[in-house]
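Subject: Structure for your review

Hello,

Here is the structure we spoke about, for you to open alongside this note. My comments follow below it.

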Amino acid sequence: MGNIIKNLKFYMNKLIEFSLVSILIGILVTTLLQVAVRYFRLPFHLPWTEEFARFLNVWLTFLGAAYIVGNHISVDILEGRITPKAMKIVGIFSNLISCFFFSFVLWGALVMSIAQTHLFTPAMRINMSSFYVAVAISALVFLVYNLKQVLDSKRRQGVEK
Amino acid sequence: MIVFWLGAAVLVMLILLFLKVPVAVSIGSASLFFIFVSGNIPRWEIILPLHMMYGVNSFVILTIPLFVWVGQLVCHDKVSKNLFAPIRQAVGWWRGGLMQINMLVSGKFAALSGSAVADAVGPSRAVHFMAVEAGYNKEDSAAATAVSSILSIIIPPSIPLILWGVTAEVSIGRLWAGSIIPGIMILTGFMVTVAVLARMRNYPKEKFLGFRPLLKSLYYAFPALLAVLIVWVGVFGGIVTPTEAAAVAVIYLIIISTTFYRISLKEQIPMIISTAKESASILFIVAVANVFAWILTFTGAPAALVESILGLTSDPLLIYVTIIFVLLILGTIMETISLILVVAPILSVVPEYTGIDPVSFGIVCSLVIGYGLLTPPFGMLLFVTQRVTGVPYMKIVRKALPYFITLILVLILLVAFPQITLYLPNLFYGK
């Protein structure tokens, strides 16, 4: 069972990496297309390039943020200045705050992705709810990660006793 | 009242940051707090996802992943090695040459990528170990590594200035153009400081190898340096937007690094993945900070704050100096990007009320926030340098003191003579 989960995690990571690489290449190519069309005065114009690049940037942000969950920038002022036990309490508190924040984000993102299913972007007709799905996925990953952190530190404490 | 709640929200943010809550979550939770206490905000449940999404659904913000990518490409061993070489040959034979190199290399990589911490971890670090091997004092060299990294904030293309431009609604081209002269001033000041210190502390020097090897090394560095030219000419010539310039620089560097510098296409993939990781950590903060910025605009808190300050004093200079001090203190606690994202929407109303030019104001504020990276007790560049060089924190601070003369002098000049920052933007883009 553990093995299956491990494999699943491995393939999930590979899938996300593949998506992130494709997104960045997509951003590069669409932006270059936009320059080329304008600079070489090509006989057609592509109204969708900017919109598509922005769409990809939204996915890069939220998918990328989910991928590096646990490695986000934080301030290490307390590290090494207080006892490990106090540090653990600070850690639990920090994770609970994150849970609280991301449950709000998740809720709002779900509301938005349902409310905007009938709206489309002007040039490419991308469904607006697909922008919010990225936010929801990201919030869900953060929520699960932070909950797991809290439960894990509780369990470790139990073993120590 | 709204000013009071704004202060409370900032306090909540600082407390959460202090308790090791990730920066993005701290800003987000403070925004939620602000939403609740200021009341009367319709449909508050959708504000978070709505404005987080719109924060990054922006063509200008696309410059961030693209310039992070540029940074990854030029920091690859095979490219950065070739970028070092000509500088080493040109100034290595001066007394204290390797520390001059540290300054110049930072200046050069600043012109290529634009992230202070990346510079301290990457190229500057390499020069530091080169210098220590050549017999330089370890502490002196570590201090040079830390201070020189600050150039990335001020020499275009600078990511902090992009973020200032987006959040305070100032033209990014103008901000970049305006930061060129201050950047050169700081670089020159640092180099003079090194030259003086080199005489006083008797630093070693290397042999001059002759002009032929110098020209040869220039030949190998030239293709990568051309990327700087592409960005500068493209943006300052008004040919492309910063985003497009970044994309052109990326594709140019990919082509150059596979053909001229012989980096295989397979090696490009890990670079793209690191680009995604690094940009996501910045972009996510950008997204959340946009919620904060929106609430500020919606409630009109920044204007209320400035008006209440104007009630106390109407002297623009006094206000300017106060802002600089506050930013300096905040800059020691928070890291550059998040701090800019939090304060720029608040401060963006200041030029309107005081008559300070918004371009000059943006550059000075971003620079001051950058100074915070070098100021104890929490200056982040100092921590990073301590980690990569192994030199204790306080020793770096003590050895870095002479460089502060330059930093303070430049700051005073910029505040006293805004023309320094306005000359080039007016030249490039007209008044």
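**Backbone points**

Arg125(A) sits in the loop of chain A that runs between helix H3 (84–115) and helix H4 (129–160). Please keep in mind that this is a predicted model. Although Arg125(A) is not a glycine, its phi is positive, at about 55°. The residue has a relative accessibility of 55% and therefore counts as exposed, the cut-off being over 50%.

Lys20(B) is found in the loop between helix H1 (2–18) and helix H2 (23–38) of chain B. Its relative accessibility is 26%, so Lys20(B) counts as partly exposed.

There is also a cis peptide bond in chain B, between Pro156(B) and Pro157(B), with omega at about 0°. Pro157(B) belongs to the loop that links helix H10 (151–154) and helix H11 (159–168) of chain B.

**A serine in chain A**

Ser113(A) is part of helix H3 of chain A. With 10% relative accessibility it counts as buried, because buried means under 20%. Its side chain reaches the backbone oxygen of Ala109(A) at 2.6 Å. Leaving aside residues up to four places away in sequence, Ser113(A) touches Ser129(A), Tyr132(A) and Val133(A).

H4 (residues 63–75) and H15 (residues 242–259) of chain B pack with their axes 9 Å apart, at an angle of about 25°. That angle makes H4(B) roughly parallel to H15(B), since the term applies under 35 degrees. The crossing of H4(B) and H15(B) is left-handed. On the H4(B) side, the residues in contact are Thr63(B), Leu66(B), Phe67(B), Trp69(B), Val70(B), Leu73(B) and Val74(B). They meet a set in H15(B) that includes Pro242(B), Ala246(B), Val250(B), Leu253(B) and Ile254(B). Sorted by class, this contact of H4(B) with H15(B) has 13 nonpolar and three polar residues, and no charged ones.

The axes of H1(B) and H17 (residues 301–312) of chain B come within 9 Å and cross at roughly 110°. H1(B) and H17(B) are therefore roughly perpendicular to each other. Ile2(B), Val3(B) and Leu6(B) make the contact from H1(B), and Ala301(B), Ala304(B), Leu305(B) and Ser308(B) make it from H17(B). Of the residues in the contact of H1(B) with H17(B), six are nonpolar, one is polar and none is charged.

For H9 (residues 138–148) and H22 (residues 380–389) of chain B, the axes come within 9 Å and the crossing angle is roughly 135°. H9(B) and H22(B) are therefore oblique to each other, and their crossing is right-handed. Lys138(B), Ala142(B), Thr145(B) and Ala146(B) of H9(B) meet Leu381(B), Thr385(B) and Thr389(B) of H22(B). The contact of H9(B) with H22(B) divides into three nonpolar, three polar and one charged residues.

Regards

Methods: Residues numbered from 1 in each chain as written. Chains lettered and ligands numbered in written order. Predicted model: local features only at pLDDT ≥ 70, side-chain atom pairs only at ≥ 80, totals over all residues. Heavy atoms only, no water. Axes fitted to C-alpha atoms, helices over the stretch in contact; angles between N-to-C directions. Helix = DSSP H or I, 4+ residues; strand = E, 2+ residues; numbered from the N terminus. Parallel < 35°, antiparallel > 145°, perpendicular 65-115°, else oblique. Left-handed = near helix turned anticlockwise from the far one by under 90°. Contact = heavy atoms within 4.5 Å. Nonpolar A, V, L, I, M, F, W, Y, C, P; charged D, E, K, R; others polar. Buried < 20%, exposed > 50% of the residue type's maximum accessible area, 1.4 Å probe, protein only. Polar contact = N/O pair within 3.5 Å; in protein donor to acceptor, adjacent residues only side chain to side chain.
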